[in-house]
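Dear colleague,

I am handing over the structure below, and I would be glad if you could look through it with the notes that follow. They begin with the ligand and then turn to the sheets.

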Amino acid sequence: MTLVIRGAGIAGLVTAHELVNRGFSVEVHERAGAVGHGASHFAGGMLAPYCEREAAPDLVLQIGLRGLDWWRKKMPADVISKGTLVLAQPRDMPELSRFATRTQGYEWVDAEAIAALEPDLAGRFHKGLFFADEAHLDPRRAMRRLYEDLEKRGTVFRLSCDKTMTPSALHGTGTGAGTGTGDGGHGNAGNCIIDCTGAAAIGALPGLRGVRGEMLYLHTPDITLSRPVRLLHPRHPLYVVPRGNDLFMLGATMIEAADSGPIAVRSLMELLNMAFAVHPAFGEARVTETGTGIRPALVDNVPRVVETPEGLAVAGMYRHGFLLAPAMAQEVADRLEQRHTNRERKFA
Ligand SMILES: Cc1cc2nc3c(=O)[nH]c(=O)nc-3n(C[C@H](O)[C@H](O)[C@H](O)COP(=O)(O)OP(=O)(O)OC[C@H]3O[C@@H](n4cnc5c(N)ncnc54)[C@H](O)[C@@H]3O)c2cc1C
């Protein structure tokens, strides 16, 4: 049976990988002319299950830890395991305490420890949280590697291929394990489609909505960071992810809208103000790119594999696409293997 994966963002690429590893024949259809478009193109690439736990249920931490492990094994040379530093300005110390109470996996660090971790931040912050076991990667490079690896192994990619989910997907689609249409004849005729189209499935998958995330890239040789730095703030939290070669990704807004239009002036000002608060050297940096991604999200902001009349969909990766794609891919593969076993039993 050849499986079609629709959408070559991070969900589609990791799912393709998992399925190929388990012996399935896979074809990937992507609407854009290249892989890795959509929200995945704009991601920070933070693999931060403990930090994400601050605003997510424990499940996200548990499957996120599995995701982190997957990435470390899959791309040891690309995953930078230097942890995450979470900071706040003196007036925002309650934010830091609140963050600490909502998660685990950190140690409190003082000014001296902060300076040891990030020498360029010496004297700028008195207190922080250090999550030593977190990591980050360059999302664009990671997706390129997955694509090249899959192509080498014979996976066919059909680019500029745009077929949306059938209107019938509007009916009978469940969210969550055990709901939906079951084997029901879908996917057993050699044309099971796994929808990984992210926010493009809004309107076809019940309950899916978009959360706009604006970001930018700055270039400056005047500051060096080794790991993602998150600066807490009651209204405008920010993170800076070093990409190497004097490049920094800054993110990200969280706006309840599926509007992928260019970054708003207000967002740009807020992100740049916060960057300046991390280090004034960012004031001299060059803005090399701005962008907007639409995070696909379900009502509880936890992703799921859902059944559709066409097959399956990986839905609602929200702000955890890179962290949680491996767990979602494993679930897709488990379900397809189960269907295969059921079918063999039926015809035995
Ligand atoms: C600013 C920002 C920062 C983020 N930072 C992080 C982070 O640090 N760590 C993390 O884990 N997550 C992060 N995320 C979240 C992560 O980016 C998303 O969860 C993830 O990209 C969603 O992946 P996806 O594959 O589901 O969707 P997408 O990346 O949107 O991919 C969908 C793909 O499907 C294609 N497509 C759409 N319609 C069709 C069609 N009809 N036929 C064929 N192809 C189609 C699109 O072109 C696209 O390539 C961030 C998101 C944003 C916006």
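**The ligand and its shell**

The largest share of the shell around the ligand, three residues, is supplied by α8 (helices, H or I with at least four residues, and strands, E with at least two, are DSSP runs numbered from the N terminus). This is a predicted model, in which local features need pLDDT of at least 70 and side-chain atom pairs count only at pLDDT 80 or more, while totals for chains, interfaces and linings use all residues. Residues are numbered from 1 along each chain as its sequence is written, and side-chain values use heavy atoms, with hydrogens and water left out.

There are 39 residues around the ligand, of which Glu30, Ser40, Met46, Tyr318 and Phe322 come nearest (a residue is near if one of its heavy atoms lies within 4 Å). By class, the shell has 17 nonpolar, 15 polar and seven charged residues, where Ala, Val, Leu, Ile, Met, Phe, Trp, Tyr, Cys and Pro count as nonpolar, Asp, Glu, Lys and Arg as charged, and the others, Gly among them, as polar. At least three residues of the shell come from each of domain 1 (1-63 + 137-205 + 301-348) and domain 2 (84-132 + 209-297), with bounds taken from an automatic or database domain assignment.

A nitrogen atom of the ligand is 2.9 Å from a polar backbone atom of Arg31, and an oxygen atom of the ligand is 2.9 Å from a polar backbone atom of Phe322 (a polar contact here is a pair of N or O atoms within 3.5 Å). Taken alone, the ligand exposes 1000 Å², and the protein buries 97% of that (accessible areas by the Shrake-Rupley method with a 1.4 Å probe).

**The two sheets**

Eight strands form an open sheet of mixed pairing, in the order β5-β6-β4-β11-β12-β13-β10-β14 (two strands pair if DSSP finds at least two bridges between them). Its edge strands are β5 (107-110) and β14, each of which pairs on one side only. β5 pairs with β6 (residues 127-131) in the antiparallel sense over four bridges, and Glu107 has Phe130 of β6 as its bridge partner.

A further open sheet, of six strands and also with mixed pairing, has the order β8-β2-β1-β9-β16-β15. Because β8 (156-158) and β15 (304-308) stand at the edges with a single partner strand each, one side of each is left without a neighbour in the sheet. Strand β2 (residues 25-29) runs parallel to β8 and is joined to it by three bridges, and the bridge partner of Glu27 in β8 is Val156.

With best regards

Terms used: A polar contact is a pair of N or O atoms within 3.5 Å; within protein, one must be able to donate a hydrogen and the other to accept it, and residues adjacent in sequence count only if both atoms are side-chain atoms.
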